[in-house]
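Here are some questions and answers on the structure shown below.

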Amino acid sequence: MTNPLISKRQDLIDLQIQVKRLLEELAEEDTGAGFQAAAYWHGEPILNVVAGSADAAGQRPVAADTLFVIQSCSKGVVSTAVHILAQQGKLAYDEKIAHYWPEFGTNGKENITLRQVLTHTAGIPLMPAYADMRLVADWQAMVCEMEKLEPIWEPGSKSGYHGLTFGWILGETASRADGRTIAQIIQDEIGKPLGIEQGLYLGAPAEAEARIAEISGEAVQIASLPDDMLFKRVLPPALVPVANPEWNSPWFHAAAVPAVNIVATAQALACMYASLIGQGVNGRRLLGQDAIAAAAALQFEGIDEVGLAPNRLGLGYSLGQEGDAMGGRPTAFGYSGLGGMIGYADPENRLAAAVLCNRMKVGRGKRSPDRLVTDLIRERLSLT
């Protein structure tokens, strides 16, 4: 059988050139914007491109080892760690969170299951009104806050984006079941086996700080949303990237805010997703076929209760739907992030890709980097 990478050799060369040109154009349009894009096809790296600036002043070029704060793409990494523990028999999707973490089982949360948290159906998406950056950077304080939460709908009956609570609930549950912190689980079970441990951190070490790209751009105007819109309490204005410069502080990078502050390179994120499909990467698959089939199976489809667009959800992953950056492939799975970022896998096409940026710009529309890059990849490889 012909190796598809050999038969597409010229197309792959052209792809590298075209993506590089595209990202350079986007960087020229917006001073301070920096980008990385990476992809694997049939388990082999086919794309690794950088462009633009890692700082708002446009003085520090993005490099291959530049780390980006990957926003909600973090959720896909945390979910993968949870699935690895489930594969090891340490977690069970239909077990109650309180089984692993007894203090969580109060205020109507006694029967909330791991599956419900992964599918954003647990009914506990709201952050405390007084939450600020220092509070969310304090792990034990946030564990206590999660224990205080009360469901705002019957758990399992609806789905609504658990934008920040998702991370602490899953992270503490994983830690209780395993004994390691969620940050260490990610390093031990994802980073080290794939050789990407210096390109993927929850809680960046001091030696990685100089490589982290500065977030800049336009603040998302959460404060101007109607007071009765739930999203305003899912992501309080005080915690919005750009609106709060503390997102660029070393102490925040070093903290563990699992839903949103993992730092990574595009190559590392794409590698993780490539390790979940086909033959994996260098013959290494993090999850077996049955495990990933369960994780990426459709669990919920419909309206998001906190005011986001209609969603298709697996267990901790968003699933492909028409018009998205995953090519509308219903079997594709991954997670997108604020600013036009994404990490995902397309099992049928044996493709995994990641696009990262540091410029939070509202209203990119058709110029969103995730969509532009992934469309180019599919077009050049003639993927359906």
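A charge sits over a ring if NZ of Lys or CZ of Arg is within 6 Å of the ring centre and within 35 degrees of the ring normal. The model discussed here is predicted.

Q: How far from the centre of the ring of F104 is the charged end of K109?
A: For a Lys, the atom that counts is NZ, and the limit is within 6 Å of the ring centre. The charged end of K109 sits over the ring of F104, and its distance from the ring centre is 5.0 Å.

Q: Over the ring of which residue does the charged end of R134 sit?
A: For an Arg, the atom that counts is CZ. The charged end of R134 is 3.7 Å from the centre of the ring it sits over, and that ring belongs to W251.

Q: Which residues are linked into a cluster by ring pairs?
A: Rings pair if their centres lie within 6.5 Å. The structure holds 6 aromatic pairs. Ring pairs form a cluster from W247, W251 and F252.

Q: How many nonpolar, polar and charged residues are in the lining of the largest cavity?
A: The structure holds 1 cavity of 30 Å³ or more, and the volume of the largest cavity is about 40 Å³. Its lining consists of M133, V136, L164, L235, L239, W247, F252, V257 and V260. Met, Val, Leu, Trp and Phe count as nonpolar. By class, the lining has no polar residues, no charged residues and 9 nonpolar residues.

Q: Which helix gives the most to the lining of the second largest pocket?
A: The second largest pocket holds about 200 Å³ of space. Of the 16 residues that line this pocket, Q289, A293, A296, T331 and P347 lie nearest its centre. The lining divides into 11 nonpolar, 3 polar and 2 charged residues. With 3 residues, the most is given by helix 13 (residues 289-295).

Q: Is S74 buried or exposed?
A: S74 is part of helix 3 (residues 74-87). Leaving aside its neighbours within four places in sequence, S74 is in contact with P258, A259, V260, N261 and I262. Buried means under 20% relative accessible area. The relative accessibility of S74 is 0%, so S74 counts as buried.

Q: Why does N282 count as exposed?
A: N282 is in the loop between helix 12 (266-274) and helix 13. Its phi is near 55°, a positive value in a residue other than glycine. Exposed means over 50% relative accessible area. N282 counts as exposed because its relative accessibility is 76%.

Q: What is the relative accessible area of S382?
A: S382 is in the segment after helix 14 (369-381). Although S382 is not a glycine, it has a positive phi of about 60°. The cut-off for exposed is over 50%. S382 is exposed, and its relative accessible area is 53%.

Q: How far apart in space are R359 and A27, C-alpha to C-alpha?
A: R359 lies in strand 13 (residues 359-360). At 17% relative accessibility, R359 is classed as buried. In sequence, R359 and A27 are 332 residues apart. In space, C-alpha to C-alpha, the distance between R359 and A27 is 9.5 Å.

Notes: Residues are numbered from 1 along each chain as its sequence is written. This is a predicted model: local features need pLDDT of at least 70, side-chain atom pairs count only at pLDDT 80 or more; totals for chains, interfaces and linings use all residues. Side-chain values use heavy atoms; hydrogens and water are left out. On a 1 Å grid over the protein atoms alone, a cavity is a set of points where a 1.4 Å probe fits but cannot get out, and a pocket is an open set with protein on both sides within 12 Å along at least five of seven lines; lining residues have an atom within 4 Å of a point. Grid points are joined across faces, edges and corners, and a volume is the space filled by probe spheres set on the points. Helices (H or I, at least four residues) and strands (E, at least two) are DSSP runs, numbered from the N terminus. Rings of Phe, Tyr and Trp (its six-membered ring) pair if their centres lie within 6.5 Å; planes under 30 degrees apart count as stacked, over 60 as edge-to-face and the rest as tilted. Buried means under 20% relative accessible area, exposed over 50%, partly exposed in between (1.4 Å probe, protein chains only). Contact means heavy atoms within 4.5 Å.
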